[in-house]
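Have the sequence and the model open side by side while reading. The paragraphs below go from the whole chain to single residues.

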Amino acid sequence: MSAFLHHLELNISIPNLKKLLSKKDKLIMIEPMGENPLINIFRKYTPNIRTADEHPLLFKDLKYILKILPKTTFEFHSITSLFLAPFA
C-alpha cells in the first residue's frame, strides 16, 4: 500500500491494523516522512499538492507503531524520494 497511513489518525488506525493482520501476514507500506529537512522545504513551497489531513510520519509515530506492532521494520529511502518528488 502506498501513502495512505499519513492521512489517518494513528491511534485509531494502527490498533485496527493489528486486528486485521494475522501473525503470518505482511504489510508493506510506502509513507512520507516528516523528518527530512530538504523535503520539508519542498512541502513548504508546494502546499497546493497536498490535502489538509496529511501528517507525514515522524520518528515518534514510528515509535508508536512499534509499540502496537513490535515486529515492524522500517527502511528509509529519503534521498531517492527527494529526487523523484517533482515527478509525483
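Predicted model: local features only at pLDDT ≥ 70, side-chain atom pairs only at ≥ 80, totals over all residues.

Residues are numbered from 1 along each chain as its sequence is written, and side-chain values use heavy atoms, with hydrogens and water left out.

The chain holds four helices and zero strands, in the order α-α-α-α from the N terminus. Helices (H or I, at least four residues) and strands (E, at least two) are DSSP runs, numbered from the N terminus. Of the 88 residues in the chain, 24% are buried. Buried stands for under 20% relative accessible area, exposed for over 50%, and partly exposed for what lies in between (1.4 Å probe, protein chains only). Contacts are heavy atoms within 4.5 Å. Among contacts between residues at least 6 apart in sequence, 65% join residues at least 24 apart.

Which residues of helix 1 are buried? In this helix, residues 10-20, they are Leu10, Ser13, Ile14 and Leu17. Viewed down the axis of helix 1, these residues fall within an arc of 95°, so they line one face of the helix. The arc is taken from the directions from the helix axis to the C-beta atoms. An α-helix has 3.6 residues a turn, so residues three or four places apart point the same way. Asn11 and Lys19, on the other side of helix 1, are exposed.

What do the buried residues of helix 1 pack against? Their partner is helix 3 (59-68). Helix 3 in turn has Asp61, Leu62, Ile65 and Ile68 as its buried residues. Down the axis of helix 3 these fall within an arc of 125°, so they too line one face. The buried residues of helix 3 pack against helix 1. Lys60, Lys63 and Lys67 are exposed on the face of helix 3 turned away from its buried side.

His6 is in the segment before helix 1 and is buried, with a relative accessible area of 3%. The side chains of His6 and Glu31 are joined by a polar contact of 2.8 Å. A polar contact is a pair of N or O atoms within 3.5 Å; within protein, one must be able to donate a hydrogen and the other to accept it, and residues adjacent in sequence count only if both atoms are side-chain atoms. Leaving aside residues up to four places away in sequence, His6 touches Glu31, Pro32, Asp53, Glu54, His55, Pro56 and Leu57.

Leu57 lies in the loop between helix 2 (37-45) and helix 3 and is buried at 4% relative accessibility. Beyond residues up to four places away in sequence, Leu57 touches residues including His6, Leu10, Pro32 and Leu62. Leu57 and Gly34 are 23 residues apart in sequence, and their C-alpha atoms are 5.4 Å apart in space.

Last comes the surface. The chain exposes about 7100 Å², with carbon and sulfur atoms supplying 65% of it; accessible areas come from the Shrake-Rupley method with a 1.4 Å probe, and for residues only the protein chains shown count as cover. Leu66, in helix 3, is partly exposed at 33% relative accessibility.
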